[in-house]
Amino acid sequence: MVVPLLVGRESSIRALEAAMVEEKLLGLVTQRDAAVDQPGAKDLYDLGTTARILQMMRLPNGTVKVLVEGVERIRMKRMLSGRAFPRLTYARSPLDPGGSVGRTLEAVSRRALALFEDYVALHKRIPDEITGTVQSLPDRERLAYGIASHLMVTPAQKIVLYAHDSLEGFFREMGALLTHEVEILKLEQKLEDEVKEQVLKNQKEFYLQEQLKAIHRELGGGEEAPEEIRELQQALRKASLPPDARKRAQAEMKKLVLMPSLSPEAAVVRNYLDWILHLPWKKKTRDSLDVEAVARVLDEDHYGLDKVKERVLEYIAVLKLVGHMKGPILCLVGPPGVGKTSLARSIARALGRRFARISLGGIRDEAEVRGHRRTYIGALPGRILQGMRKAGTVNPVMLLDEIDKLASDFRGDPAAALLEVLDPEQNRTFSDHYLELEYDLSQVLFLATGNILHTLPPALRDRMETIQLPSYLPVEKRQIARRFLVPKQLTAHGLTADRLRLSDGALDRLIGEYTRESGVRNLERLISAICRKVARQVAGDPDRTFHVLARDLPGLLKAPPFADTELEREHMPGLATGLAWTEVGGDILHVEVAVVPGRGILSITGQLGDVMKESASAALSYTRSRAGALGLPPDFYRHVDVHVHVPQGAIPKDGPSAGITIAVGLISALTHQPTRPKVAMTGEITLRGRVLPVGGLSEKAVAALRAGVQTILVPRANRKDLDDLLPEVREGLSIRLVGSMDEVLRLAFRGGTPRRPESLPIVTSVPSPVLDYAH
């Protein structure tokens with residue numbers, strides 16, 4: 001046979017060059033393993049062939065392309081090494097013709113040729129012309145080698161065939177090999193034909209089904225239901241549905257059977273049936289009614305929050321006695337980071353119920369709650385039913401997260417749509433626009449969360465039982481960090497308690513000097529930052545351990561942003577400390593008042609709202625009415641301008657609780673008397689000097705304790721709110737109840753009600769410590 005070869009091994013190229021110089025003869029043998037780069041005698045088959053070089057050409061990449069012609073079959077005796085290229089000694093090993101004119105040889109050769117013709121006909125990579133070429137070979141030996149050279153088999157299989165010494169044995173072995181290959185090719189062809197047949201069958205069935213549907217539509221009869229519809233029908237028979245839902249589903253199924261499967265309306269009906277079949281109608285989980293076990297689970301997940309835990313335990317106790325009751329609708333209100341959402345998950349785990357969370361933040365379309373009508377493209381049920389399908393039971397714990405962030409526009413008011421959902425008397429027959437069936441939500445335990453309540457309509461607030469979650473105290477934050485946050489972050493960063501330890505002093509400093517928050521989110525971020533820095537060190541030194549103390553924090557984090565107390569260390573005239581409520585918890589508020597020569601103008605700065613501006617005007621009018629008692633001339637206001645300023649002017653401020661604080665600051669500036677240090681106050685003032693009640697007392701008290709205040713002045717009408725304060729707050733603060741400004745002035749100033757010394761003018765220069773504070 002004449003074949004081209006590509007030669008790339010250096011020793012083989014040198015052998016080619018040497019052969020070209022001599023007789024142009026080569027010995028060709030096959031490697032047992034093609035991966036061996038420098039084969040020895042043991043790496044080669046002993047059978048080979050001598051070949052004559054017909055043509056040789058060197059390619060640009062360094063390899064050589066050579067055209068060789070086989071001469072005779074040989075058997076290698078010995079491989080000679082030690083030269084620039086290998087040589088071998090060999091013995092001629094021609095095929096034994098074995099009586100080339102015998103009938104047996106003729107039979108096996110004909111059989112081999114017939115099998116080869118079948119092989120070429122079945123093989124896609126061998127052209128049909130090869131059959132004619134092989135048939136035209138002049139003798140049986142060339143016929144044997146011609147057939148063998150075109151077989152698509154492994155080199156090892158060809159070596160086995162080549163090893164036969166007789167021509168008859170060669171043909172017999174080749175016939176067996178061809179028989180095996182033809183059977184494999186026939187099986188491949190059969191598999192391919194089956195695939196083609198299945199594809200053609202599907203196309204044919206689709207075409208016939210469409211024709212059958214057209215005929216049935218013309219005749220007004222039914223038709224054979226496709227597989228998808230049969231599955232829906234079977235699921236409908238097995239589903240446990242209420243009578244109304246089953247009746248509606250059966251009616252929709254009849255419509256679907258008569259529709260073309262590819263029509264848009266059929267897709268709408270299929271989606272509708274899918275929702276009916278996958279909504280939970282009767283499936284429910286068994287509640288865990290062991291009160292002690294539920295209490296234990298709640299305590300494992302959260303520290304404190306006694307009011308919420310007590311309310312859940314009351315619900316379980318009643319459920320255990322009655323056996324069935326409507327699910328309560330609790331609204332957890334508190335600043336961010338105090339654990340409202342995680343508490344809802346914990347309640348679901350304690351009760352053994354499924355949990356579904358629905359985020360209501362930014363929703364402004366009523367259809368998000370009630371669903372879209374099926375006439376719209378892409379219509380879906382509302383988020384309530386989507387949550388029920390996700391939960392898979394009729395009695396899950398469903399969290400309506402961020403309910404205070406609802407919006408409304410021309411598409412409707414989602415807060416109004418929630419009225420039916422959150423009304424225990426109505427949600428038994430909740431109706432979704434998409435489903436248009438009554439769905440029972442009475443067994444769902446609804447929990448809502450929010451930071452504030454005044455943004456909700458009064459009717460929606462009336463539907464819910466509100467539970468206030470106060471800000472955490474420093475001692476509570478330390479316990480939460482020690483029990484929950486530190487272990488969580490250690491696990492998240494691949495650390496252990498033995499490798500990283502945070503001292504109580506370090507936690508206290510993180511809480512007091514690195515965070516100013518009601519919850520623990522920033523505290524968790526700081527602990528995570530410490531773990532990251534330690535993990536980086538541990539990655540370089542696996543045996544190193546860390547014990548973080550309070551003094552180590554600046555090196556790990558940065559300088560404490562709240563190292564200096566928020567309170568003024570020395571109160572100057574014209575400065576008073578108030579208490580404020582914000583959406584993220586309580587805070588303290590400094591009010592500065594300056595009196596300068598002028599014409600009786602009241603200036604108010606600090607981005608104050610209308611309510612605080614009215615409080616400042618009321619405080620000035622009260623001060624003018626008490627000018628004699630304060631030692632001020634009756635017409636003092638004609639000769640001075642009063643400037644009221646609340647620092648942090650970039651932050652909007654408003655609310656009615658700063659009235660007495662502004663009045664105290666104004667009287668302090670006019671009488672040149674400083675207020676008591678570490679005293680803060682909250683309350684609204686009237687023109688007659690009465691102190692009116694305010695809200696958010698719990699958050700304000702926690703903020704005062706956190707800032708280092710020792711005494712707070714609270715309206716007497718807020719006495720009822722003192723029972724809601726945490727025991728640690730009541731013990732850490734001196735709470736004084738006041739009903740009038742006379743009581744406020746006696747408690748806010750060192751010597752009781754202040755009076756301007758007659759020797760001092762009303763207007764004085766501003767003391768330098770106040771300038772330092774402003775800086």
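**Entry 1. Convention and model**

I take contact to mean heavy atoms within 4.5 Å. The model I am reading is a predicted one.

I looked first at confidence. The mean pLDDT of the protein is 84, and 92% of its residues reach 70 or more. Where pLDDT is low, the predicted coordinates should not be read in detail.

**Entry 2. Overall form**

I counted the secondary structure, which comes to 26 helices and 23 strands.

I next looked up burial and surface. Of the 775 residues, 44% count as buried. The accessible surface is about 40,500 Å², and carbon and sulfur atoms hold 52% of that area.

For contacts with a separation of 6 or more, I note that 72% join residues 24 or more positions apart. For charge, I record 107 positive and 99 negative side chains, with the centres of the two sets 2 Å apart.

**Entry 3. Alanine 576**

I located alanine 576 in strand 15 (residues 575-582). Is this residue buried or exposed? Its relative accessible area is 0%, so alanine 576 is buried, the cut-off being under 20%.

Which residues does alanine 576 contact, leaving aside neighbours within four places in sequence? I list Leu589, His590 and Val591, together with Thr661, Val664 and Gly665. I also took the C-alpha distance from alanine 576 to alanine 669: the two are 93 residues apart in sequence and 9.8 Å apart in space.

**Entry 4. Alanine 703**

I found alanine 703 in helix 23 (residues 697-707). Its relative accessibility of 3% places alanine 703 among the buried residues. Not counting residues up to four places away in sequence, alanine 703 touches Gly586, Asp587 and Ile588. Between alanine 703 and glutamate 517, which are 186 residues apart along the chain, I read a C-alpha separation of 9.2 Å.

I placed valine 611 in helix 21 (residues 610-625). Valine 611 has a relative accessible area of 33% and is partly exposed. Its contacts, not counting residues up to four places away in sequence, are Asp654, Gly655 and Pro656. How far apart in space are the C-alpha atoms of valine 611 and glycine 655? I read 5.7 Å, for a pair 44 residues apart in sequence.

I then turned to glutamine 607, in the loop between strand 17 (602-605) and helix 21. Glutamine 607 is partly exposed, at 43% relative accessibility. I noted its backbone, since most residues other than glycine have a negative phi. Glutamine 607, although not a glycine, has a positive phi of about 55°.

**Entry 5. Histidine 672**

I checked a further positive phi, that of histidine 672, which is near 60° in a residue other than glycine. Where does histidine 672 lie? I find histidine 672 in the loop between helix 22 (659-671) and strand 19 (679-681). With a relative accessible area of 15%, histidine 672 is buried, because the cut-off for that class is under 20%.

**Entry 6. Arginine 499**

I located arginine 499 in the loop between helix 17 (474-492) and strand 13 (500-502). Arginine 499 counts as partly exposed, at 24% relative accessibility. Leaving aside neighbours within four places in sequence, I list its contacts as Val538, Pro542, Asp543, Arg544, Thr545 and Phe546.

Lastly, I took the distance from arginine 499 to valine 7. The two are 492 residues apart in sequence, and their C-alpha atoms are 62 Å apart in space.

Conventions: Residues are numbered from 1 along each chain as its sequence is written. This is a predicted model: local features need pLDDT of at least 70, side-chain atom pairs count only at pLDDT 80 or more; totals for chains, interfaces and linings use all residues. Side-chain values use heavy atoms; hydrogens and water are left out. pLDDT is the predictor's confidence in each residue, from 0 to 100. Helices (H or I, at least four residues) and strands (E, at least two) are DSSP runs, numbered from the N terminus. Buried means under 20% relative accessible area, exposed over 50%, partly exposed in between (1.4 Å probe, protein chains only). Accessible areas come from the Shrake-Rupley method with a 1.4 Å probe; for residues, only the protein chains shown count as cover. Lys and Arg count as positive and Asp and Glu as negative; His and the chain ends are not counted. The place of a charge is taken as NZ of Lys, CZ of Arg, CG of Asp or CD of Glu.
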